[in-house]
Amino acid sequence: MRSYYPKKGRVILHVDMNSFYASVEMAYDPSLKGKPLAIAGNPEERKGIIVTCSYEARKYGVKTTMPLWEAKKKCPQMIIMKPNFERYRAASKGMFDILRTFTDLVEPVSIDEGYMDITESYELGSPLDIAKSIQNRIMEQLDLPCSIGIAPNKFLAKMASDMKKPMGITVLRKRDIPTILWPLPAGEMHGIGSKTAEKLKGINIETIKELAEGNDIQLKQVLGINGIRLKDKANGIDSRAVDPDSVYDFKSVGNSTTLPRDVSNQQELLNVLKELSSKVSHRLRRKNALAKNISIMIRYKDRKTITRSRKLKNPIVKPEEIFAAASQLFIEHWNGNAVRLLGVTGQDLIEEEDAFMQMDLFSYEKEAEKEPLYKAIDTLNQRFGKGSITKGVKTKETTSNSKTDTSFNKDFLFDSKVERED
């Protein structure tokens, strides 16, 4: 079997569960199989949105994030269910447990997808044999369908797994790129959203081939360093390793400032925290990351320094969310003495590209509408200088006392490490 594996290079699988939430519900209640089914945030309310739907529902034109009223109009007989995240977490754990019986090199990237490096698993059969075994075992043991991509790197494996759904297995080699990948629209490439696709159209790049042959300087002007990364991927270049521990990396982004004088006025100190929270938010967005933990540092005039942190229920990135967490910590732990230095840090970061985040089902529409605004403000401040544009009216006397509506819920990725920490 060694001959089926490259002498140099890797064999990577991307396992992607098909219509995961709906499939889990069908496995739990077989009477739902073959019927149009949708999981929605607020089934009782017209304004709810479709979180995911079965392939039977998709035949009627129902799509993820579609307003519930529109989906019902397209498919009046569709069954609507509320999400059961405990059930989905249990199914996810079962799925990843199966993947780890084939190799230790399993990297979860969301509740329903992950990468596997099977380069050294040749004794189990050819890559295609292993993919079929995985697919069959997940179906037999969990009654859940999945699609699998087989490729020499993570990007191509991800693209391959999207090509045949449900229950597909696709091999995508580098030599296949010109005939299979390049003719596709750039917007169908993993890592390119509608906004990026529009920017690429602005420089006459509409296919993956045109991106692969794009001008480096032009791509950098339009998309920054990400433009070069996307061009590399369009050419099948991706050196990222499958890292089982990547989801547990402890990274941080922080900002601190030494005050021009010792300050004991609470309002002034909260204003400083608000400014620091905004900076941390901006840096997180530049890294395409969210924080699961917020910490503050307080240094008093006698140079005594304390740090306090709090794990968050949901990963956050918006400045008001960071400020809400930081200010609460500050009020709880400040002893009232004059302060010399303040700091705010976002910790336990999750990368947007690889992290699974479930939109808050009760505020999805509102937050989804706001998200382009936040990104636009960050872009303008970066281009024209900090403070050139802000959300709302900003004054030194104003602080945020409003409760923050968190826009994301984290579906935790289970394995033995997580279970030991809980």
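Q: Are Tyr21 and Tyr88 buried or exposed?
A: Tyr21 is buried, and so is Tyr88. Buried means under 20% relative accessible area, exposed over 50%, and partly exposed in between, with a 1.4 Å probe and protein chains only. This is a predicted model: local features need pLDDT of at least 70, side-chain atom pairs count only at pLDDT 80 or more, and totals for chains, interfaces and linings use all residues. Residues are numbered from 1 along each chain as its sequence is written, and side-chain values use heavy atoms, leaving out hydrogens and water.

Q: How many aromatic pairs are there?
A: Seven aromatic pairs. Rings of Phe, Tyr and Trp (its six-membered ring) pair if their centres lie within 6.5 Å; planes under 30 degrees apart count as stacked, over 60 as edge-to-face, the rest as tilted.

Q: Why is the pair Tyr21 and Tyr88 stacked?
A: Their ring centres are 4.2 Å apart and their planes are at 10 degrees, so the pair is stacked.

Q: Which aromatic cluster do they form?
A: Phe20, Tyr21, Phe85 and Tyr88 form one aromatic cluster.

Q: New topic. Which residues does the UniProt "binding site" cover?
A: The annotation, from an unreviewed entry, covers Asp16 and Asp112. They span 97 residues in sequence, yet no two of their C-alpha atoms are more than 6.2 Å apart, so they gather at one spot. UniProt positions are given in the numbering used here, feature names are shortened, and annotations may be inferred rather than shown by experiment.

Q: Is Asp16 buried or exposed?
A: Asp16 counts as buried, at 6% relative accessibility. Asp112 also counts as buried, at 15%.
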